[in-house]
Amino acid sequence: MSTDAGGRPLTKKQREAAAIKSMDGIAGRIYEHLKAGSIPELQLASRNKSNIVFDDMHRVWKYGAGMTTRSAMKTDGAYMLLRTMYMSEFIKDMVANEKSSTLREMYYISEGWDMGKFGAQNESDGLAEDLEVMTGRLREDFKLRPEENGAAMTGDLKVVETTRTGSRRTIHCQDDVGDAGYNIPYNVEPDRLRFKDVNVDFVVAIETGGMFARLAENGFDTSANCGLVHLKGQPARSTRRLLKRLNEESGLPVIVFTDGDPWSYRIFASVAYGAIKTAHISEYLATPTAQYLGITPSDITNYDLPSDKLTDRDVEALKSELADPRFDDELWRGEIEYQLQLGKKSEQQALAKYGLDFVTDTYLPEKLTEMGILR
Amino acid sequence: MAAIAEELAKGQKEISVAEFFERNRQILGFDSPTKALITSVKEAVDNALDACEEANILPDIAVSVSPTEHDGEYTLVIEDNGPGVVKKQMPNIFARLLYGSRFHAIRQSRGQQGIGISAVVLYGQITTGHHAFVTSKIGHGKPAVRMELAIDTKTNQPKTFSTELDHWEKPHGTRIEVVLKARYQGGKQSVFEYLRSTSIVNPHAKITFTDPTGQAFVFDRASDEVPPKTEAIKPHPLGTELGTILKMAKHSEYRKMTTFLQKEFSSVGADTAKKLLAEAKVENVAPGDLTRDEARRLHAAFGKVKIMAPPTDCLAPIGETLVRRGLKKETEDVSPEYIATVTRPPSVWGGHPFQVEVGVVYGGTLPRDGQVRILRFANRVPLLYQQGGCEGTLGVQAVDWRRYGLEQRGGKGTPVGPAIILVHVASTKVPFTSEAKEAIAPMEEIHKEIKLALQDAARGLGRHLKKKAKRAKVSEKFDLVTKILPEINKKASTMLRKPEVDLAPIVCKIMDVVWIDDVSAEYAKLEGATLAPKAAPLPVPTSAAGGLTLEAFDGDPVEAPAEVPGVPAEPVKPKQAYLGKGTLTITNYKQKAQGFKLYAVLPDNAVFVEAEPAPRKVAERYLLWDVPKMEPAAKAEIRFDVAGVGKGDLDGLDLYVEGINEINVVGADPWHGGEE
């Protein structure tokens, strides 16, 4: 993907040339249809739950053989093809002019695309992902980037960043950052960011800002000698990519700590197995060895945590997870079925019932020992 | 007891009709000040229209309502260009109740009882104390006569307060001015709506209305034809009551019962007369000597012996084309997308001939979520009140409109949707629910005819909506191939720096239909003299029978107007004075060559002039073209000129195809008519 045939990372020039070739390839497919007098169409992998399969080699979930066809036979399909053409041309222009834009900027630019404009930003974001799926390239190669989402990291390690002027700067993720931690940029590829002096034993990825701040304030990164990463809800690609690199390059176990509800399990799934939306790049983003720490439904009972009743939507989501191939293992099935029976959910911060230090003094050490991370 | 009766007798005296009215105004529609104003306008306008029709004059009526210095009092002035009223009769006609020319005649007319206009004079007199001023002129060279009139309510005799000669520019006409207690308001039941509705069913009339603020509205005429004068017919036995038989017999000039029956009733021949008398066991009696008992037996025999239906040629329906034109003109502000009109053949109820006409106006800016508006008419007079109990409404409610594209809860009741439904009943005797003539009484035969007429019109609407839905579906594809696909083509070729591709084969693959555009047309006003030679046969009456194109198609002979004393006969005008130039565009978006027959159904009265390419056949009601094999993506255009049409008559003309599967065609229905 971002490597050449021999596994070496591609140079900037190579990546740019590849992006332009990809865009021309899409236009070429349509043009060939038109020239042959057939109704133009584009095919891409179906991006839904029923079309993800487990990739044994990478140990992640990827798209299967199911294909969707976008055809100009119907008006909706024709609009999609037109938008695809507009976006391809836009990307080609950006690459040629050494520009880049955020997904949101592209959405606003698309307002000027006449019949090719979008109804809402999620449509244009979705099409950018479609282009990745169709071309097997990353949207970063297309000069598209998400908004900064403010995910952060702390711990005894250094990152070497490439600055705007092209020089390198080394940042220690405890000594050189404030309470908010090190702000994870949108591009964490090796040409922008490298790790140095990694002195932590493992990484804890935390769903909520409140818990991240609690662990930092209690000095858990120092006392347990670990890295803390704030996922900020459903984690951005760069956050997942960063976790994967820490895991692969530095051999750090990744532990995921979230609320105890079905939506949080999906956060874990996207870190560990890959998200359905980005299954085409799962092997690039997912950390198959990531482990789920809690809050588990069993924790709610074992620690007698304050809880809320499951809503109808929660129940529906849990049931949907039972049908999700990513959760199809004994541990998850048992926990989900138990939760349905329990009818309850708890937040991470429910642990504060036993005091502010309970999570760092009791809960995490107990759970991490159980998991074999701490001894 | 006798003493008491004597005492009571002192208080018993005759009540004059005028006195009766004074106390029971609601009977004639003067119950409230609002209603009284509309009723007054209605009576005067009815009179004006009837008079103009009788004299074969195109009516030009001016109505004005203006406030007086007193609150709640208005001056109503109605002026027409009718034949006028002779001086001697003016007091009787305007200031005497139950005096008129139409009470005894059995014919289709607006007014009948002779109460109408004098009731207006009486109402004004009672409520404001003002006398009426009537001006009338009967012809060129005659002076206009102006009278101040009132009714003596005790004796029902006219009182004339002054008579003057006046100078009047117009050749003939009548003007009446009454001050009355009234309230002016807008809305569905208003003078404005009454006149607008009147204009729809009297497309030959021009009505000018000036409202109390001084604003003038013109309801212009949509036709230059005065409706044919209706003929009076004799009573039909089935519509005659016992007392009428006795009265007729007593006053008969004939000596023998058989002659009396044949000559004084309609539809009774010698044979039927004999059968009737045998059934009634009435023999050797002179009509003048007919006893009550014999009359009763005769009346019973009327119901038993089979008698021919009454003649129906005494009716003058408005006609489908003119109803359409009237509706079109008066609904212009909502720009409807479809109008269907149906005139049923005449039928009979209880011995009275009648005929039903309906119209359905659909779409435009009419409200989509409200009940449809129902416009009811009897003998060309709008009915504004008592909608609920009226046969016009009941007939509408009896149709299952859901089948035809309108909403209707449970298939019953007034339908909901963007539509106006018109119901007109013409008859020598319309069965009104009351003397105020506000609603048509439920009557099985009329109900059935209204229902049949509405179903017929509704089928047209249903077809239109179906066609529209199909067109909408295909026109989405049309956008696709005409806008989106070329843009995709452009983008792809620009990015690749290659030439754009010819899209025609792909367009045909996506569209996969033969597309026929709605007829678009231009209209040129035609004066008789400027007609192109080919169109010259237009004003020729049917009697000059020639080729098909020479006939007037509605079957009504173009009559020369009857001579009216003192009134110069109006020149015969061509029926409609427009030349319609229509254009039909056909595009073959199929992937194979396509050929078929194309029929364009002509509006009533239209006369074919010429077409390019020439039609294979010019029939009475349609034009037929052979559309030769068209290659994929080929476009063909047909231009045709038709004279004698009204403005807009060619827009959205009904088109039919033959020799091609209908699912492959958008814009035309399959032809089932055969070749006439």
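B:Gly411 is buried in this predicted model, because its relative accessibility of 9% falls under the 20% cut-off. The residue sits in the loop of chain B that runs between helix H12 (391-397) and strand E14 (419-427). Leaving aside residues up to four places away in sequence, B:Gly411 touches B:Val399, B:Asp400 and B:Arg402.

Let us turn to helix packing. Two packed helices are described by the angle between their axes and the distance between the axes.

| Helix pair | Axis distance | Angle |
|---|---|---|
| H8(B) (residues 257-264) and H9(B) (residues 270-280) | within 9 Å | roughly 125 degrees |
| H13(B) (residues 444-496) and H14(B) (residues 504-511) | 10 Å | about 160 degrees |

How are H13(B) and H14(B) oriented to each other? They are roughly antiparallel, because their angle of about 160 degrees is over the 145 degrees required for that label. The crossing of H13(B) with H14(B) is right-handed. On the H13(B) side, the contact is made by B:Val474, B:Lys477, B:Phe478, B:Leu480, B:Val481 and B:Leu485, which meet B:Ile506, B:Val507, B:Ile510 and B:Met511 of H14(B). By type, these residues comprise 9 nonpolar, 1 charged and no polar.

H8(B) and H9(B), for their part, are oblique to each other, and their crossing is right-handed. H8(B) brings B:Met257, B:Thr258, B:Leu261 and B:Gln262 to the contact, while H9(B) brings B:Ala270, B:Ala273, B:Leu276 and B:Leu277. Of the residues in this contact, 6 are nonpolar, 2 are polar and none is charged.

**Nonpolar cores**

In soluble globular proteins, nonpolar side chains tend to be buried together. Which residues have the most contacts inside the largest nonpolar core? They are A:Met87, A:Leu144 and A:Met153, in a core of 96 residues. Helix H2 (residues 75-96) of chain A supplies the largest share of this core, with 11 residues. Apart from it there is another core, of 48 residues, including B:Ile38, B:Phe94, B:Ile176 and B:Val191.

A:Leu144 is worth a look of its own. Not counting residues up to four places away in sequence, A:Leu144 touches A:Phe90, A:Ile91, A:Met94, A:Ser101, A:Leu103, A:Met106, A:Ala128 and A:Arg139.

Technical notes:
Residues numbered from 1 in each chain as written. Chains lettered and ligands numbered in written order. Predicted model: local features only at pLDDT ≥ 70, side-chain atom pairs only at ≥ 80, totals over all residues. Heavy atoms only, no water. Axes fitted to C-alpha atoms, helices over the stretch in contact; angles between N-to-C directions. Helix = DSSP H or I, 4+ residues; strand = E, 2+ residues; numbered from the N terminus. Parallel < 35°, antiparallel > 145°, perpendicular 65-115°, else oblique. Left-handed = near helix turned anticlockwise from the far one by under 90°. Contact = heavy atoms within 4.5 Å. Nonpolar A, V, L, I, M, F, W, Y, C, P; charged D, E, K, R; others polar. Core = buried A, V, L, I, M, F, W, Y, C linked by side-chain atoms within 4.5 Å. Buried < 20%, exposed > 50% of the residue type's maximum accessible area, 1.4 Å probe, protein only.
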